[in-house]
Structure formats: structure tokens, C-alpha cells
Amino acid sequence: VQLENKGHVTSFVKGTRSPESLTIPTSNVVEDGKPFTIECWAKSIVDTSPNWRMPFSAWSKFYVGIAPNTKKVRISWLDANGAQQYVESTDLSIDFSQWNHWVFTYDGYGKCNLYINQVLVLTANTTLPKPFPANIDVGRLNSGSYYWNGWIDDLRVSSICRTDIEI
């Protein structure tokens, strides 16, 4: 299922408009305990902020973020007891000011992967126990904070877990 197909890139650059984000209903697309893939192309403004920036999230289920000042990426989720858990990369030698292909997969059995430019950069072992929220937010955390500072294009949300070969 491809949920959005716009003829232009969505801007998340601070100051170009009021903070923009895209909210996508999850109903009939992704379900608790079932596999899914979220992918997009993203380009970030050079940013020295220590704040996490989210290309996409479905908080409190999970988020994918980047800390621009360190070039680290993170997958975070709430465990069954409501405690925040995460896995975080070391500094990546990726130029986030260029277009990069981000892919987040969940296999339905407890394994999440984050790929950037077809390279596996993080793996998390979790069942993502919290209920899936009604929406996936693109360009921010669901709480309306941690806005992406850049552009996002070619977003795809699939109800399958793409394999390494498919990515």
C-alpha cells in the first residue's frame, strides 16, 4: 500500500512555513504484531542541535530519529512496563545533508531493522508491545515536537516486512 504520492517534495524546513508534518492513519495498513515497512527519502538541513529529529514515528509504539550534532541514529520504543528503550548507532559517516533512503522494518516476531542507503545501521529485538497508535507521523514525533529539519520525499508504508534484497 502506498499512502502518498505527491508531485513535489514535502518541506520540513523551519521558517519556510509553519512546522509541517504529515499524519497517516494506520487503520487497515499496519496492525499490532504484524510485519510492516516504512521508507522514505530524506535530506536534512545541516543542524548542530542536540535535539532528536524524527523522519517518522508512531509514538508510543516506536520512533526513528537522528541527533544532528552527533550523526547518531536511534530506534526507540516503550516496553511492556512503559519504560523507554532504545538502540543507538555510533557516529555514522553519512552525509545527512544529502538525500538518503531510510527504511524501517518490523518482522512481526520481534525484530526491527533500520537501513540507510541499503546498509543495515541498527537492529532492535523487541515485540513493540504498546498498541499501534491511530497515526504514523512523518516529519515529527507524534507529540508535535522534534520536527525534522529538511525534506522528505517518496514515502511508502507497507503491510509487509521488506527483506534485505528488496531494500
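Start with strand β5, residues 62-67. 6 of its 6 residues are buried, so the strand is largely enclosed by the rest of the structure. Keep in mind that this is a predicted model.

Look at how the side chains of β5 are arranged. F62, V64 and I66 point one way. Y63, G65 and A67 point the other way. In a regular strand the side chains alternate between the two faces of the sheet. In β5, the residues pointing either way are all buried.

What lies beside β5? Strand β4, residues 53-58, pairs with β5 in the antiparallel sense over 4 bridges.

Now step back to the whole chain. It has 12 strands and 0 helices. Of its 167 residues, 48% count as buried. Take the contacts between residues at least 6 apart in sequence: 62% of them join residues at least 24 apart. The accessible surface comes to about 8100 Å², and 48% of that belongs to carbon and sulfur atoms.

Next, the aromatic rings. A pair of aromatic rings is described by the distance of the centres and the angle of the planes. The chain has 9 aromatic pairs. One of them joins W102 and W148 edge-to-face, at 5.9 Å centre to centre and 85° between the planes. This pair links distant parts of the chain, 46 residues apart. W102 sits in strand β8, while W148 lies in the loop between β11 and β12. Are these two residues buried or exposed? W102 is buried, at 0% relative accessible area. W148 is buried as well, at 2%.

Ring pairs also link F36, F62, F104, Y106 and F132 into a cluster. F62 brings us back to β5, where it points the same way as V64 and I66.

The charged end of R74 sits over the ring of Y86, 3.8 Å from its centre. The charged end of K43 sits over the ring of W151, 5.6 Å from the centre.

Finally, consider confidence. The chain averages a pLDDT of 84, and 87% of the residues score at least 70. Over residues 1-9, pLDDT stays under 50. For that stretch the model has 18 contacts beyond four places in sequence.

Methods:
Residues numbered from 1 in each chain as written. Predicted model: local features only at pLDDT ≥ 70, side-chain atom pairs only at ≥ 80, totals over all residues. Heavy atoms only, no water. Phe/Tyr/Trp six-rings, centres within 6.5 Å; stacked < 30°, edge-to-face > 60°. Helix = DSSP H or I, 4+ residues; strand = E, 2+ residues; numbered from the N terminus. Buried < 20%, exposed > 50% of the residue type's maximum accessible area, 1.4 Å probe, protein only. Lys NZ or Arg CZ within 6 Å of the ring centre and 35° of its normal. pLDDT = per-residue confidence, 0-100. Contact = heavy atoms within 4.5 Å. Areas by Shrake-Rupley, 256 points an atom, 1.4 Å probe, with all protein chains shown as cover. Pairing = 2+ DSSP bridges.
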